Amino acid sequence: MRSVPAWARVYIACAVLAALSCLAALPDVRVTWWAVGLLAALYAGCEQITRCPFLGHRAPEGMSTFFPVLLAGAFLLPPPAAALVAVPGALISRVEQRPRWPRRLWRAALLAVAVWAASRVHGALGGRDAVAGPDFPYALLPAGAAALVFCTVLTALDGGIAVLAERVPARHAWRGLFARRLAPVTVHGLAGLMMAVLWRSPYGPAAALLVLLPMYVSCWVFAQYHRERAAHQATIRALVQAVDIKDGYTRGHSERVGQASVMIARELGMTDERVELVRFAGILHDVGKLGVPTRLLRKDGPLTPEERRIVELHPEYGHEMVRGIGFLGEARSAILHHHERLDGSGYPYGLAGDRIPEPARIVAVADAFDAMTSTRSYRRARPVAAALAELGRCAGTQFDPVMVGALVRALERHGWHPVVTADGHGPRGNVPPRSVPLRAETGS
Amino acid sequence: MRRRPSLVVLVHAAALCLALAALAHTLRHGLDEPAAALALGLLVVAGELSRRPGDGASREPAPLGAAGALAYALLGQNTGEPTRHGVLQTVAVVAVAALAGALPRLVARRGPAVHGSVPGHPARGRDSLADHLARRVLAVALAALCFRLLYHRGAVPEWHGPSYVPLLAGLLLLTAVCDAVLGALLVRVRTGWPLGPLLRDGLRALLGVGSAVCATGVVMSVAVAVAGLWALPVFSLPLLLAQLSFRRYATVRTIYRQTIASLARATEIAGYTPPGHARRVAVLSLAVGRELGLTEPELTVLEYAALMHDIGQLSLVDPVPAGATAALPAAQQRRIALLGGAVVRQTGVDAEVAVVVERQAEPYREQPVGARIVRAVNAYEEHARDAGPDGPLRAVERLRRGTARDYQPEIVESLARVLARGREAADGCHG
């Protein structure tokens with residue numbers, strides 16, 4: 001408890017008091033206690049099930065929130081009883097970070113208040129009768145309103161705790177939180193409505209339970225998708241690191257080129273999809289160096305013409321390597337042509353002007369920029385301003401002036417904050433940190 | 001054109017005859033309750049349209065389509081009124097809807113399917129689509145038939161009570177098991193892979209997506225009985241989302257596999273190993289792994305490890321002649337394997353892959369099964385590739401002589417069987 005700031009403690013205490021006042025009316029309402037018990041046990045079970053391995057794979061952590069049961073409770077029971085459903089499950093839920101008990105307490109209070117509010121709104125709009133009827137499509141209105149209220153209360157309270165306990169600036173605490181939550185809560189609300197309708201039907205709670213199975217599998221697949229994506233990004237990074245191993249001085253170079261390329265592409269107003277491709281092009285531009293003998297890459301002093309010819313094969317090697325990666329598309333041409341020069345004196349094909357693909361012209365500028373601003377074994381890093389002046393001098397002959405201009409503008413606006421430090425231990429853009437266990441899930 | 005095995009022809013013909021008969025019957029007698037037929041038919045079309053690409057072997061590719069079809073088969077009531085559509089109408093509606101949903105794919109499938117860079121899928125393109133449609137029609141016919149038999153006989157005294165739901169669930173379970181067995185049989189006759197592991201994988205998949213499909217089918221039919229057709233859009237939304245995430249998952253898996261293959265090609269481009277070596281070892285290892293009855297997750301580990309087994313050579317300053325590690329002294333083989341394991345650990349693939357790569361050079365008794373397979377197949381590939389027409393036979397002989405310590409005898413024999421099957425298939429093509 002010591003690590004929780006004082007104001008956050010006050011905030012949690014207020015939330016607990018609010019939750020208790022929601023529950024205070026319990027003795028006054030007529031409650032079907034077996035239904036409350038069954039739903040509470042069900043919710044607690046859903047919270048626990050994330051601890052059990054499912055089909056040989058551990059269930060992902062992000063699945064610990066399971067709203068359909070809570071919303072079904074809100075649609076079926078009077079508000080105080082619905083709020084009670086959330087409490088036991090939240091109190092025994094899995095919490096990854098310390099301190100655990102304040103978090104559990106907070107979670108129980110938060111959910112109790114939100115469910116109470118949702119149930120209140122649902123009842124006020126005549127939702128109970130619509131569910132018992134069942135009266136479709138009218139039943140959708142109170143259920144939708146209840147889901148909206150549920151989401152609003154969750155967002156409002158969660159933002160508060162983020163400000164007080166996690167010290168997130170108040171400007172950022174609520175930004176996008178509601179929009180991110182609304183879609184999943186709506187889907188869970190529909191499932192909750194279906195549960196409530198079936199619960200009241202002659203088929204009874206058994207039918208309602210079956211609703212949970214598809215929801216569970218759906219969440220599970222979604223989490224697997226995210227895991228596989230993380231593993232893929234790690235593999236891309238491994239490709240890049242394999243280059244780093246060979247090519248002593250380019251440690252972190254590839255990722256920084258990716259970052260600078262993205263800045264240029266954004267400045268040019270490219271679509272998000274193309275920006276993403278340009279990022280991959282920047283990251284992978286030197287991947288062909290894997291095919292160049294290590295001796296030549298690390299050689300001190302000038303290369304002989306023969307050696308230079310071999311090193312200059314690397315764009316073609318890179319292009320050949322990534323040929324099988326379907327999604328790269330345009331980025332492959334950038335890997336092939338990132339050493340072309342605007343006046344046609346570059347390699348491998350000596351393309352000139354607009355014949356050079358746009359992503360390749362971007363990566364060429366980003367590559368040169370990072371090469372100049374990072375320290376290499378044979379010279380110290382130059383300041384950003386000096387590098388930009390040099391780029392400006394070569395614009396028109398070696399580089400596309402449009403790309404150089406875009407880089408200058410982007411740097412004026414955002415500054416240059418390389419994501420990867422020279423020793424390679426900084427955060428890596430959107431690539432997850434190594435501490436996250438990355439497993440290639442295979443599905444089943 | 002490959003000759004189709006007779007079981008495949010039989011299944012396709014049975015499904016086609018059934019669908020045509022059902023269609024003729026429905027056209028002749030008209031559609032009972034067209035609203036329900038239309039609504040559920042549309043659901044099946046939507047499900048098929050958004051079906052995920054890729055393997056149709058063990059996993060249900062279009063969960064929403066399957067759930068809609070099964071829900072229609074089990075639809076006993078609509079808002080409290082008993083329904084009248086029979087088995088044949090059910091089959092006709094589902095067949096037409098599934099075909100309509102598959103049309104875009106049929107049209108798009110002119111060219112050969114480009115799917116990742118590593119083969120291993122039993123049936124491609126039209127074949128897999130035809131299998132999928134035939135299985136859908138037969139499964140729905142079975143479910144509808146059982147349901148109507150029970151329903152009309154009044155087998156359960158108290159219909160539409162709490163016992164109804166477990167009954168429906170049981171019925172769908174039966175259908176799903178039959179469907180899984182049929183799917184495994186189809187793959188078996190197409191590819192000659194052993195039936196046991198195929199059945200096991202098919203039944204395992206039932207636990208995951210299969211259970212969700214069955215549960216959704218039951219819930220939809222019951223919900224329509226209670227609340228009318230409004231229940232369909234309300235409840236299909238969660239499953240549609242699941243299906244979309246399935247698609248994204250399949251896509252990211254494909255590009256992941258392509259990226260691994262690219263990483264594996266790095267050694268070839270760097271001139272350390274001959275072109276295509278990693279790919280050939282992966283294909284053969286997968287075939288041997290299947291022969292030995294490995295599970296799907298184990299096969300994935302095996303495939304990735306086989307693709308990347310030579311990656312350690314990247315860390316060498318001087319290439320091994322022709323990348324032939326099998327001829328090197330044991331200590332150096334082990335050093336390269338350890339270097340490779342270190343690279344693989346960076347890639348975010350399963351740690352088991354790194355273990356297989358690391359231990360590929362050890363005597364087989366100390367190895368995990370994946371490493372035994374990769375070791376034997378890699379040695380075979382290196383011995384056989386430039387050795388002329390009788391190279392494969394001599395290479396297998398060499399492996400047999402090494403079974404005391406290096407190669408597991410069962411794996412060498414399995415490899416020999418896989419190779420013999422490959423030769424037969426090649427002869428069949430020429431003859």
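This is a predicted model: local features need pLDDT of at least 70, side-chain atom pairs count only at pLDDT 80 or more; totals for chains, interfaces and linings use all residues.
Residues are numbered from 1 along each chain as its sequence is written, chains are lettered from A in the order in which they are written, and side-chain values use heavy atoms, with hydrogens and water left out.

Let's begin with chain A. Chain A has 19 helices and 2 strands, counted as DSSP runs (helices: H or I, at least four residues; strands: E, at least two).

How much of chain A is buried? Of its 444 residues, 55% are, where buried means under 20% relative accessible area and exposed over 50%, with partly exposed in between (1.4 Å probe, protein chains only). Cys394(A) counts as buried because its relative accessibility is 12%, whereas Cys17(B) counts as exposed because its value is 52%.

Now for the meeting of the chains. Chain B brings 61 residues to the contact and chain A brings 59, with contact meaning heavy atoms within 4.5 Å. Val234(B), Tyr249(B) and Ile269(B) supply 11% of the area that chain B buries against chain A, more than any other three residues; buried area is the accessible area (1.4 Å probe) that two parts lose on being put together, summed over both. The interface also has 1 salt bridge, a side-chain nitrogen of Lys or Arg within 4 Å of a carboxyl oxygen of Asp or Glu. Arg253(B) and Glu228(A) pair up in a salt bridge at 3.6 Å, N to O.
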